[in-house]
Amino acid sequence: MENQAGHMRHYYLSLITIGSTFASLFITFVCIIFMMTFRLEAELTSKSEKLIALNNDRERFFSIISHDLISPFSAIPGLAKMMLENFDNMTAERIKESIKSIFMSSERIYTLLCDLLTWSKASMKKVAFEPSQCDLCEIFKRALNLNADAIKRKSITVSNLLPPQFFVYCDANIASVIARNLLSNAVKFTPEGGIITITGEIKESGALFCVKDSGKGMPPGDVSRLFKAGERVSGLGTRGEKGSGIGLLIVKEFVDRHGGEISVESALGLGAAFSVLLPAKK
């Protein structure tokens with residue numbers, strides 16, 4: 001009887017042990033599922049909030065662009081109508097002025113639409129990306145040639161201090177767009193007789209280059225908003241040049257495409273320095 005009672009105790013103890021083990025495993029499993037569900041919900045909430053913020057930025061951005069397009073668009077039919085109604089009484093000089101105004105408005109619309117298309121393609125990763133070893137010094141020389149007229153009109157001194165054969169692992173076409181936009185932005189905000197300096201160095205992490213101007217600079221609040229699509233930072237240049245701010249958004253998209261980084265140092269009255277780090281080939 002004692003043996004039978006002992007066996008029963010062992011039997012019940014075994015059942016309790018097995019039951020406790022299964023209960024512990026079940027509770028652990030439920031906790032893991034709960035934690036995973038909570039984590040997924042948190043991630044989805046975070047992504048949803050980011051998506052909402054991104055959509056809000058895009059909406060504000062397109063609202064800004066629409067406003068920029070309306071002004072030159074509305075000028076063209078108004079000028080054309082005025083010329084049609086008064087053509088017989090207009091002097092050659094007045095006709096020439098009107099045609100010049102129409103041309104400038106058309107050029108601004110064309111430039112804005114080209115920039116918008118480039119930014120749209122870049123943000124959707126629809127621009128071909130074929131990196132190789134490229135001479136960044138030569139890329140900046142070509143960008144300087146494209147900005148030569150504006151540089152000459154303002155009597156700006158440009159110091160290209162990039163070392164010859166400054167080879168960087170990048171997409172040549174995309175790097176050309178980055179260089180051209182950074183230079184045109186520097187020229188826009190550099191005053192008559194100002195200075196633009198281009199420097200670069202090879203670091204262990206990649207190639208670092210900088211475009212620095214002696215322009216009017218920006219307050220810290222503007223610097224932090226420069227690369228946000230929904231923010232309007234662009235202002236008039238030193239000669240009243242108008243801009244939409246898309247150029248710097250394109251630069252940011254293309255730097256990101258390389259897995260690089262862009263930073264800005266600026267203060268009112270002290271110019272601005274845009275630094276780009278393109279990572280070394282892995």
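I began with Phe209, which counts as buried because its relative accessibility is 2%. Buried means under 20% relative accessible area, exposed over 50%, and partly exposed in between (1.4 Å probe, protein chains only).

I noted that this is a predicted model, in which local features need pLDDT of at least 70, side-chain atom pairs count only at pLDDT 80 or more, and totals for chains, interfaces and linings use all residues. Residues are numbered from 1 along each chain as its sequence is written, and side-chain values use heavy atoms, with hydrogens and water left out.

I then looked up aromatic pairs and found 1 in the structure. Phe140 and Phe209 form this pair, edge-to-face, at 5.6 Å centre to centre with 70 degrees between the planes. Rings of Phe, Tyr and Trp (its six-membered ring) pair if their centres lie within 6.5 Å; planes under 30 degrees apart count as stacked, over 60 as edge-to-face and the rest as tilted.

I located Phe140 in helix 3 (residues 136-146) and Phe209 in strand 5 (residues 206-213), so the pair links distant parts of the chain, 69 residues apart. Helices (H or I, at least four residues) and strands (E, at least two) are DSSP runs, numbered from the N terminus.

I checked Phe140 as well: it counts as buried because its relative accessibility is 0%.

Along the sequence I read the pattern α-α-β-α-α-β-β-α-β-β-α-α-β-β. Of the 282 residues in the chain, 34% are buried.
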